[in-house]
Amino acid sequence: MKAVSSKPRVAVVGGGWAGCAAALTLAEAGVAVTLYEASRTLGGRARAVELEGRALDNGQHILLGAYEQTLQLIDRLHPATAQNGLWRLPLTLEQPPEFSLRCPRLPAPLHLLAGLLGARGLSWGEKLAATRWAHALLSSAATADHLSVSQITRNQPEKLNRLLWHPLCVSALNTPPEIASARVFRDVIRAAFGGCTHHSDLLLPCRDLTALFPAPAATRLVELGGKVCLPCRVTSLDASAEGVTLATRDESAVYSHVILAVAPQHLAGLAAAIPELESAVHDVAGYHYQPIATGYVQYDPGFRLASPLFALADGTAQFVFDRGQSHGQAGLLAFVSSATANLSADWLAQAEAQLRRITRPGPARWRKRIIEKQATYACVPGMPRPSVRTAHPRIFLAGDYTEGPYPATLESATRSGVQSAGALLEQL
């Protein structure tokens, strides 16, 4: 191994939201950083794609007001924009014609309790059951780590589970309620409804996902003297007590420290030659993964939904988003199907049929489908999640799978990236 300079030089491997957050945090602290990304586009599993000449996304994302780390990073990079690329809406869950939940601007958690009591489509018995259950969940000290969401909701009325709790579970954890971690679901509900009222707000991106954070983070990194390498796949790592040698297809370089910000399914390939990473590799080896399918359908530009998004019932898709209202892409809808195994070839046609129970959009001009088969890990009870620190003092991890309160979300990714960078800085 070549000698490493006494001045810290850090490589961040992976240009998703975790890697970009880590690289930006280090660069802002004055550390020389090189960011490696195998793809041509930054963002990882939340990135921009081009379809039919439009900047779209590989999946439709919603942020919660409780996602404070992600929002702070976006605010820092878009200081001159009033909404910073995000459209903030009070929590509303509309599933016409059967169900509607709107949370008023009351102190938390009263806004949720008032929203449940005022929900349309529920009987008074169902409203009281929902209110009591939500209050108990928010007040409980802990939830056993071995329980699933289905287990903790088994005494709720069937209609509440079908219209509210189980759809919330799928949208938040991208995991079917039968196997989803009740503890993590509780953590998400408490973060959204147990703190400030605005923590439950829904924030819809108004830019493509790469432009929202990864691209401006990379621009800021370069302004601070860092380097961004893409497309540039890291093929191997070799670590010693003095430094870490990183190899790509074209060259190798020595760094004082490395942050591995790749998806968990790619960790083993890079960690094979580093015994100190065996524990982390073992932790993620048992992970299973869940898909997310997004279907874009272009209707007449004059068509728009009555709301920016609707929940969809009794079908393959759970939500439909009006990108005309959020992104200015008139007449373009995004249908989302999360955690659906064995998705049929005509799933998007089925989703459009779900929409036609609510409204009549007219004929479609074009359709495109994007299926991320391993969009997120299955957030199941008792799953191990490694620390950002590894047994090797020069190698750190970052990613939405590392230790933290949330499932595989943008907030988990950015929190992990910032925490990993912070742990590294403590050693300098």
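This is a predicted model: local features need pLDDT of at least 70, side-chain atom pairs count only at pLDDT 80 or more; totals for chains, interfaces and linings use all residues.
Cys196 is partly exposed, because its relative accessibility is 37%, a value between the 20% limit for buried residues and the 50% limit for exposed ones. For the sulfur of Cys196, the closest cysteine sulfur is in Cys103, 15 Å away, again too far for a bond. A disulfide is a covalent bond between the sulfur atoms of two cysteines; the structure holds zero of them.

## Overall dimensions and fold content

The protein chain contains 14 helices and 20 strands. Along the principal axes, its C-alpha atoms fill a box of roughly 70 × 50 × 40 Å. The radius of gyration of the protein chain is 22 Å, which agrees with the value near 22 Å for a compact globule of 428 residues.

Of contacts between residues at least 6 apart in sequence, 68% join residues at least 24 apart. Two C-alpha separations can be set beside this figure. Pro176 and Val380 are 204 residues apart along the chain, with their C-alpha atoms separated by 9.3 Å. For Gln151 and Ala180, 29 residues apart in sequence, the C-alpha to C-alpha distance is 9.7 Å.

## Burial, surface and charge

Buried residues account for 57% of the 428 residues in the protein chain. The accessible surface of the chain comes to about 17,600 Å², and carbon and sulfur atoms contribute 52% of that area.

The protein chain carries 39 positive and 34 negative charges, and the mean positions of these two sets are 4 Å apart.

## Residues in helices

Thr70 lies in helix α2, which spans residues 68-77. With a relative accessibility of 1%, Thr70 counts as buried. Apart from residues up to four places away in sequence, Thr70 touches Trp17, Leu63, Leu410, Glu411 and Thr414.

Leu113 belongs to helix α3, residues 110-117. Leu113 is classed as buried because its relative accessibility, 14%, falls under the 20% limit. When neighbours within four places in sequence are left aside, Leu113 is in contact with Thr131, Ala134 and His135. Lys127, 14 residues from Leu113 in sequence, has its C-alpha atom 9.2 Å from that of Leu113. Gln151, in helix α5 (residues 149-152), is partly exposed, with a relative accessible area of 34%.

## A loop residue

Pro176 is found in the loop between α6 (158-173) and α7 (182-193). Leaving aside neighbours within four places in sequence, its contacts are with Gln290 and Ala339.

Terms used:
Residues are numbered from 1 along each chain as its sequence is written. Side-chain values use heavy atoms; hydrogens and water are left out. Helices (H or I, at least four residues) and strands (E, at least two) are DSSP runs, numbered from the N terminus. The radius of gyration is taken over C-alpha atoms; the globule rule is 2.2 Å times the number of residues to the power 0.38. Buried means under 20% relative accessible area, exposed over 50%, partly exposed in between (1.4 Å probe, protein chains only). Contact means heavy atoms within 4.5 Å. Accessible areas come from the Shrake-Rupley method with a 1.4 Å probe; for residues, only the protein chains shown count as cover. Lys and Arg count as positive and Asp and Glu as negative; His and the chain ends are not counted. The place of a charge is taken as NZ of Lys, CZ of Arg, CG of Asp or CD of Glu. A disulfide is a pair of cysteine sulfur atoms within 2.5 Å.
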